[in-house]
Amino acid sequence: NIEDTKKDINIIHLADIHFSINTKTSQLDEIKKMIYVNNPDYIMITGDLVDDSSIIKNKYKIVELVSFLSDISEIAPVIISLGNHDILVNSDKLFFKKLNELNNIYVLDDDVYVDEYVYVAGFTLPNNYYYNIEHDESVRVLLEYLTEQKKILKRKSRGLVGIALIHSPICLTKKEVLDKLSGFDLILSGHTHGGMIPEFMDRFFPKNIGLIAPNKKLIPDVARGRMDKYVKNSGKL
């Protein structure tokens with residue numbers, strides 16, 4: 001039960017930084033200032049830290065991203081899960097393994113971070129979840145993948161807040177998916193870029209509805225904001 005946590009927890013949640021050759025250090029500095037002001041206990045990044053793996057090979061530009069992550073890790077633990085832009089081939093994982101060696105930075109590639117307050121599981125959704133013959137995000141692939149993740153789905157200790165980091169929220173309102181994630185109190189995602197809604201149109205799109213989803217579907221109903229979790233046997237979200 002999330003009410004049983006030993007203290008109030010302040011989390012800064014970031015997603016879809018999409019660091020690239022065009023990212024300005026001033027943009028990273030703005031994020032850094034916001035984090036300093038809010039003084040979080042944890043900083044959680046749910047995927048698409050980089051725009052594509054070519055930037056990882058740019059040894060001059062990538063220093064800016066590593067410096068940014070190192071700076072914010074002095075404020076609080078930085079816990080990162082991976083998105084579809086981060087990992088296209090297995091060799092891309094080498095950069096993230098190196099990040100994991102830095103102080104207070106934890107890259108969760110189907111792995112967990114545990115301390116005396118939280119149990120955080122970072123799920124790396126497989127490429128065929130995003131890219132498949134149906135050209136849609138696949139509930140079937142997601143369920144098969146989650147079935148294989150028994151090690152990280154099982155909470156190790158009572159009294160910890162369980163947090164799942166899953167890059168895409170598109171299929172997370174399906175009951176059969178949420179049943180597999182029932183051990184978690186909070187699920188954090190990114191991927192949808194707030195439904196791609198310009199600020200001046202925000203009032204025309206209530207609650208979680210967006211303009212377009214990453215799979216090119218118009219008016220997606222899981223695109224932004226907060227959604228209450230499925231409560232078992234209640235039939236409600």
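**Exercise A**

*Solution.* The model is predicted: local features need pLDDT of at least 70, side-chain atom pairs count only at pLDDT 80 or more, and totals for chains, interfaces and linings use all residues. Residues are numbered from 1 along each chain as its sequence is written, and side-chain values use heavy atoms, leaving out hydrogens and water.

Next, locate the residue: Leu165 belongs to strand S7 (residues 161–166). Helices (H or I, at least four residues) and strands (E, at least two) are DSSP runs numbered from the N terminus. Then list its contacts, a contact being heavy atoms within 4.5 Å.

*Solution.* The order is S1-S2-S3-S4, and the pairing is parallel; two strands pair if DSSP finds at least two bridges between them. Strand S1 (11–14) and S4 are the edge strands, each pairing on one side only. On average, neighbouring strands of this sheet are turned by 15° against each other, direction ignored. Axes here are lines fitted to C-alpha atoms, for helices over the stretch in contact, and angles run from 0 to 180 degrees between N-to-C directions.

H1 packs on this sheet by touching S1 and S2, and the direction of H1 makes about 160° with that of S1. Turning to one strand pair, strand S3 (residues 78–81) and S4 are joined in the parallel sense over three bridges. Ile79 has Tyr106 in S4 as its bridge partner. Helix H3 (residues 93–100) lies across S3 and S4 and runs at about 145° to S4.

**Exercise C**

Describe the packing of H1 against H2 by distance, angle and residue composition.

*Solution.* Two packed helices are described by the angle between their axes and the distance between the axes. The axes of helix H1 (residues 25–38) and helix H2 (residues 62–73) come within 11 Å and cross at roughly 10°. H1 is therefore roughly parallel to H2, given that angles under 35 degrees count as roughly parallel, over 145 as roughly antiparallel, 65 to 115 as roughly perpendicular and the rest as oblique.

The contact brings Thr25, Leu28, Ile31, Lys32, Ile35 and Tyr36 of H1 against Glu64, Phe68, Asp71 and Ile72 of H2. Of the residues in this contact, six are nonpolar, one is polar and three are charged. In this scheme Ala, Val, Leu, Ile, Met, Phe, Trp, Tyr, Cys and Pro count as nonpolar, Asp, Glu, Lys and Arg as charged, and the others, Gly among them, as polar. Lys32 has 15% relative accessibility and so counts as buried. Beyond residues up to four places away in sequence, Lys32 touches Phe68, Asp71 and Ile72.

**Exercise D**

Where do Asn39 and Asp110 lie, and how accessible are Asn39 and Asp110?

*Solution.* Most residues other than glycine have a negative phi, and most peptide bonds are trans. Asn39 is not a glycine, yet has a positive phi of about 45°. Asn39 lies in the loop between H1 and strand S2 (42–46) and is exposed, with a relative accessible area of 54%. Asp110 likewise has a positive phi, near 55°. Asp110 sits in the loop between strand S4 (105–107) and strand S5 (111–114), and at 23% relative accessibility it counts as partly exposed.

**Exercise E**

Which residues of helix H5 are buried, and what covers them?

*Solution.* In helix H5 (residues 139–147), the buried residues are Val141, Leu142, Leu143, Tyr145 and Leu146. Their cover includes strand S6 (118–123), helix H4 (127–130), helix H6 (150–153) and helix H7 (175–180). S6 also runs antiparallel to S5, joined by four bridges; a hairpin through three residues connects S5 to S6.

Methods. Buried means under 20% relative accessible area, exposed over 50%, partly exposed in between (1.4 Å probe, protein chains only).
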